[in-house]
Amino acid sequence: MTAIVETDRSRLSVLQAMLHGSVPLESMAALGEHIAATPQEFAIVIGPSVAVDDAAVFAQWARVHKPDLGVILLRETVDAHALSTALRSGMREVVESRDLAGLTTAVSRARAVSTAISQTMEDETQAAAQAAATAALSEAQARAEAAREEAERPTGQMVTVFSTKGGVGKSLMAANIAVSLADQGSSVCIVDLDVNNGDIAIMLQLTPMRTLNDLAAFHGEIDVDAIETLVTPYSKTLGVVAAPVHLDSPDQATNEDIAKLLDLLVRVYDYVVVDTSGVFDDHALTALDRTDTLVLVGTLDIPALKGLKLATQTLELLNFPREKWRFVLNRADAKVGLSTDEYESTLGLKADCSLVSSREVLTAVNRGEPLVRAYASHPNSKAIKAFASSIAGAARAAQEEPDADGKSRSSANRFRLRKA
């Protein structure tokens with residue numbers, strides 16, 4: 001639609017006849033009312049009777065507030081003053097009032113420009129709306145991802161007991177550390193990753209209905225319900241995921257199954273105590289990669305010292321932080337020509353817990369009872385309980401200490417192969 005502003009009624013009638021369907025307006029005030037009532041207007045023709053300065057004021061307003069509105073100025077004579085004023089104020093064209101063809105062409109061009117500008121503005125509005133919607137969606141997704149990560153962040157601590165030599169009391173320590181933590185009020189799960197010679201179930205006098213190899217039946221879909229079927233309860237606060245009973249089982253848990261199990265357990269239990277096979281196999285490495293505290297166990301003899309020395313060298317190669325190591329020296333009172341000081345000096349570790357030789361230890365094992373319960377006042381029991389308390393204290397301190405992102409530290413992916 002086109003509006004014509006002309007204060008001379010006779011000229012206004014002539015101009016309206018020249019532009020069929022146009023709206024006649026007799027004043028600039030009427031033009032303001034028309035624009036307010038007709039926001040889709042695309043062209044305004046200002047007649048020769050309207051002062052050029054008044055036309056310039058309106059054109060300047062339209063240039064800012066309605067850039068799609070074309071202002072066409074009609075003059076009896078197109079002079080330099082009219083052209084310069086039109087150029088400065090942002091009018092589209094200046095046409096002689098007697099030039100019917102020029103006026104019609106100017107209005108057509110104004111329509112085309114208005115359509116293009118309106119389409120551009122609409123596209124920009126849609127693009128802005130789309131960008132805002134995309135930003136809002138991205139922000140919502142980021143919040144959801146942050147909430148998911150927070151929900152999946154490990155709340156428990158993993159304690160892995162390791163030794164490369166058998167018979168040093170590794171499983172004994174794993175079972176009694178777990179029982180000690182449970183007796184302190186924490187929820188604890190023992191995972192026996194010694195798939196060939198696991199003894200945790202025997203040491204706690206348990207007959208498990210499900211073992212580690214039953215993970216294979218879930219085909220990687222391991223959740224809390226799956227855990228409930230795998231864990232054999234020992235007490236209200238202690239459960240066991242037992243090692244396989246039959247070595248020739250056709251279904252065996254994969255390393256990925258073990259990883260998913262451990263990741264879920266540390267979100268369910270306060271502590272997950274892992275008993276390993278004594279070699280750096282895939283299962284052991286999976287546990288070590290998630291471990292908060294590594295308990296190394298040895299006895300006062302040269303073969304055990306050699307095995308532990310090789311183990312510590314391997315751990316350093318794997319870049320496992322030494323501040324996470326704990327060393328337990330079993331049978332530390334043995335008179336075998338090797339002193340505790342010599343042992344610690346060669347190994348490069350001070351014993352965090354020392355146990356003495358005692359027949360009560362084997363008696364408790366043979367009866368299927370934890371030493372810390374069967375002989376609660378025994379020196380070894382007191383030492384293990386104190387050791388478990390120190391692990392719990394260190395775990396609480398680690399949880400309260402924020403990481404670089406301001407979040408509590410988690411244990412995932414804590415070591416990698418050291419670069420050459």
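This is a predicted model: local features need pLDDT of at least 70, side-chain atom pairs count only at pLDDT 80 or more; totals for chains, interfaces and linings use all residues.
Author: Residues are numbered from 1 along each chain as its sequence is written, and side-chain values use heavy atoms, with hydrogens and water left out.

Reader: What does the C-alpha trace span along its principal axes?

Author: The C-alpha trace spans about 125 × 45 × 35 Å along those axes.

Reader: How many helices and strands does the protein have?

Author: Helices (H or I, at least four residues) and strands (E, at least two) are DSSP runs, numbered from the N terminus. By that reading, the protein has 15 helices and 13 strands.

Reader: Which residues have the most contacts inside the largest nonpolar core?

Author: A nonpolar core is a set of buried Ala, Val, Leu, Ile, Met, Phe, Trp, Tyr and Cys residues joined through side-chain atoms within 4.5 Å, where buried means under 20% relative accessible area, exposed over 50%, and partly exposed in between, with a 1.4 Å probe and protein chains only. Here the largest such core has 58 residues, and those with the most contacts inside it are M173, V295 and Y343. Helix α6 (residues 170–183) gives the most to this core, with nine residues. Apart from this core lies another, of 23 residues, including V191 and I222.

Reader: Is L262 buried or exposed, and which residues does L262 contact?

Author: L262, found in helix α9 (residues 255–268), counts as buried because its relative accessibility is 0%. Contact means heavy atoms within 4.5 Å; leaving aside neighbours within four places in sequence, L262 is in contact with M158, V191, V272, V274, T286, A287 and R290. L262 and M158 are 104 residues apart along the chain, yet their C-alpha atoms are separated by 8.6 Å.

Reader: Where does Q205 lie, and what is its phi?

Author: Q205 lies in the loop between α7 (200–203) and α8 (224–230), and its phi is near 55 degrees, a positive value in a residue other than glycine. Q205 is exposed, with a relative accessible area of 61%. R331, in the loop between β12 (325–330) and α12 (340–347), also has a positive phi, near 50 degrees, but R331 is partly exposed, at 33%.
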